[in-house]
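Let's walk through this structure together, one part at a time. Please keep the sequence and the 3D view open as you read.

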Amino acid sequence: MVETGGDRPIEGLEALKAPQRSDAQRRAANERILASAELPLARRRQPTSSWEVLAAWGRPGLVAASIALAILAGSLQPWRAWQQEPSQPVVLEEVIRGAGESEGVPAMLVAYSEPDLDAVAAAALLDRNGNGSVIPETVEQR
Amino acid sequence: MAAESEALSPVADEPRLVARARRGDREAFAALVERYADQAFAVVYGFLQHVEDSEDLVHDGFIRALERIDSLEPGSSFGAWFYRLLVNAALNRRKYLARRRMDDVPMTAAARESPAIDSERAELRRRLAWALGKLPAELETIVILHDLEGFTPPEIARVLEIPEGTCRSHLSRARRILRDLLEEYQHHG
């Protein structure tokens, strides 16, 4: 077999070995370990009360409940949106009245039938006068 | 090939001792300390090369093991688990010490600890410690456990949780690198 240099230990490596400790040194070291272990050992001897078990489960339980709630809320969302969709056609007059009262951007209106031209003209007038009166104030004042 | 060691041969009734220690039984824990403390000290000394530092680390290692003993799977070896914990702690400790000393040679204990050691021996230790410290952590651990402490490759495989074949090839590679490093040290001092 070819000697690769990896088959035998390094010469002199035993110089790094731990020094022999006396029995007294060993005993002292072990006693120090056991003295420090008293408290953790005592803690382990205490019986665990059922409240502690419940408390330990409390946090993961809360997290699980929150996740379940979030999932439930998420799954209900499309159903609620579907429920809120109008099932009756909107009366055009109501929409026009609403658009005249508000100052916001007029909504895009959709109706099942063609708009009444008179109603459209009335809506345009209302929109131009702003306050709902058909005759402009300036004319009335004159 | 190294002779079979007893590094990981369990004490009689070890699983029961571990179970009792889990419940806070002082005698059971004392039996585990009695069984593993000496070898643990020797292993840690291989990394730190300092008596007090090694004793402190073994002390802390046992306390940490007691605190974490619930994570030891029933039926698995306390020794392998404990040595794994110790080796990691020793590597971390040495890194910390090296940073604190701002010293390239991680183990300068040879001169610090034993003034009685003749200078030639101290120099040999310094050289070996330097070369060992240059190895990747896993290779260094294998050399320390095998060549210094007499663990067998199957035992090391259990401690490091690696395949036995990997352990053997790592050992061979580590020795080759060590030889190269020692030669380099000799030439460049």
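What pLDDT does chain A average? Chain A averages 76, and 64% of the residues score at least 70; pLDDT is the predictor's confidence in each residue, from 0 to 100. This is a predicted model, in which local features need pLDDT of at least 70 and side-chain atom pairs count only at pLDDT 80 or more, while totals for chains, interfaces and linings use all residues. Residues are numbered from 1 along each chain as its sequence is written, and chains are lettered from A and ligands numbered from 1 in the order in which they are written.

Let's stay with chain A for a moment. It has 5 helices and 0 strands, where helices (H or I, at least four residues) and strands (E, at least two) are DSSP runs numbered from the N terminus. Confidence in chain A is highest in helix α1 (residues 23-45), at a mean of 95, and lowest in helix α5 (residues 137-141), at 50. Of the 142 residues in chain A, 6% are buried, that is, with 20 or more other C-beta atoms within 10 Å of their own, C-beta atoms being placed from the backbone.

Now to where the chains meet. The contact takes 26 residues from chain A and 35 residues from chain B; two residues are in contact if their C-beta atoms, placed from the backbone, lie within 7 Å. On the side of chain B that touches chain A, α2 (26-48), α3 (51-67), α6 (119-134), α7 and α9 each supply at least two residues, and α2(B) gives the most, with 11 residues. That side divides into 16 nonpolar, 5 polar and 14 charged residues (Ala, Val, Leu, Ile, Met, Phe, Trp, Tyr, Cys and Pro count as nonpolar, Asp, Glu, Lys and Arg as charged, and the others, Gly among them, as polar).

Helix α7 (residues 137-148) of chain B packs against helix α9 (residues 164-188) of chain B at an angle of about 95°, with their axes 9 Å apart; axes are lines fitted to C-alpha atoms, for helices over the stretch in contact, and angles run from 0 to 180 degrees between N-to-C directions. That makes α7(B) roughly perpendicular (65 to 115 degrees) to α9(B). Among the residues that meet here are Ile142(B) and Val143(B) in α7(B), and Leu171(B) and Ile177(B) in α9(B).

Val143(B) returns in the largest nonpolar core, which has 54 residues; Val143(B), Leu32(B), Val43(B), Val44(B) and Leu86(B) have the most contacts inside it. Such a core is a set of buried Ala, Val, Leu, Ile, Met, Phe, Trp, Tyr and Cys residues joined through C-beta atoms within 7 Å. Here α2(B) gives the most, with 13 residues.

Note on methods:
Parallel < 35°, antiparallel > 145°, perpendicular 65-115°, else oblique. Buried ≥ 20, exposed ≤ 12 C-beta atoms within 10 Å, placed from the backbone.
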